[in-house]
Amino acid sequence: MSEPKYIRNFSIIAHIDHGKSTLADRMLELTNSIPQGVLVEQILDDMELERERGITIKAHAVRMDCQLGGNIYTLNLIDTPGHVDFAYEVSRSLAACEGAVLVVDASQGIEAQTVSNIYLAIENDLEVIPVLNKIDLSSARPDDVAEQIAELLGGDAADIIRISARTGENVEQVLAAIIDKIPPPSANSRLPLRALIFDSYYDKYRGVVLYIRVMDGILQRGDKIMPMASQMEYEIDELGYLKLELEKTDKLIAGEVGYIIANIK
C-alpha cells in the first residue's frame, strides 16, 4: 500500500514502432521489476500477434517501485494500444492516469497518430513528458525532431529527454521526470468508493479479472461492488497489485491501481 503522494500513474503513448514496448522493458529492468533470468523483449506484449507484428493491441498495466531522493515511489504504467484503431481503449487507459510519456522516433519524427494521442492526453488534463527515442540510429535527426515536438507542445527543444530505449541510454532520466513532473493522484480514501475499470480479461476458472484505478475510497476483500454498466452487485473475492504476476493484497486505497476478482461470469 502506497500513500497517494508517492504514487505516479502514467501511460506511454507513441506511434507504432517508435519504441514504446522497448522503453517499458528498460523501465522494468531499471526498477528491478523483472526477476533475474526472466527477461523477454517486449515483456508487456504477451499476445503472440503483438510480438509478431511489433505492436501493442491490448492495454496492459504493471506496477514498479522506484527509489529517488531517499523515497520509494510506486509507478503504475498503464500501457496503451499502439494501433490507430484502438482510440477508445487508449482513452480509457489515459483516464486512469495523471501523466503520459510521449515517445517519438528520432529518425521518423512526429506521425499523425502521435498528434491524435497527444490531443487525447491533453483532453484528459495529463502532464505530457516528451521523449526522443532511437538517438543511437545513424538516420536519427534529434535536433530537427526535437524542434517538431517543441512546436507542437510548446516549451524548449533542449529540455526534451533524448534516449535509446534499445541500449538503455538516458532511460533513468525518464523515470526521474515521471516522479518529478507527473502529479500524484488527487485522491481521498475517506470519501465513498469511486473506481474506474480500464481493462479486463476472462479467466475460465475465476471469471472476469477487472483492472481498476481507485479514484476515491478504499476497496477490501468481501466488499460489495456494483459496476455502473451492469447495475449488478458482486462481492470481491480477491484483489491486488498488477506486477508481472498478480500480487494479492489486503486492500486498495485511493490513487492505487490494481485488480479485483469478484466471481463475475
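A salt bridge is a side-chain nitrogen of Lys or Arg within 4 Å of a carboxyl oxygen of Asp or Glu. Side chains of opposite charge can pair when their charged atoms come close. The structure is a predicted model, in which local features need pLDDT of at least 70 and side-chain atom pairs count only at pLDDT 80 or more, while totals for chains, interfaces and linings use all residues. Residues are numbered from 1 along each chain as its sequence is written, and side-chain values use heavy atoms, with hydrogens and water left out.

A search of the whole structure finds 14 salt bridges. One of them joins D105 and K134, with N to O at 3.2 Å. D105 lies in strand 4 (residues 99-105) and K134 in the loop between strand 5 (127-133) and helix 5 (142-153), so the pair ties together parts 29 residues apart in sequence. Helices (H or I, at least four residues) and strands (E, at least two) are DSSP runs, numbered from the N terminus. Both D105 and K134 are buried. Buried means under 20% relative accessible area, exposed over 50%, and partly exposed in between (1.4 Å probe, protein chains only).

A salt bridge also connects R166 and D136, at 2.8 Å from N to O. R166 sits in the loop between strand 6 (161-162) and helix 6 (171-181), and D136 in the loop between strand 5 and helix 5, 30 residues apart. R166 is exposed, at 61% relative accessibility. D136 is partly exposed, at 32%.

E235 pairs with K224 in a salt bridge, their closest N and O atoms 3.6 Å apart. Salt bridges with shared partners join D65, K243 and E247 into one network.
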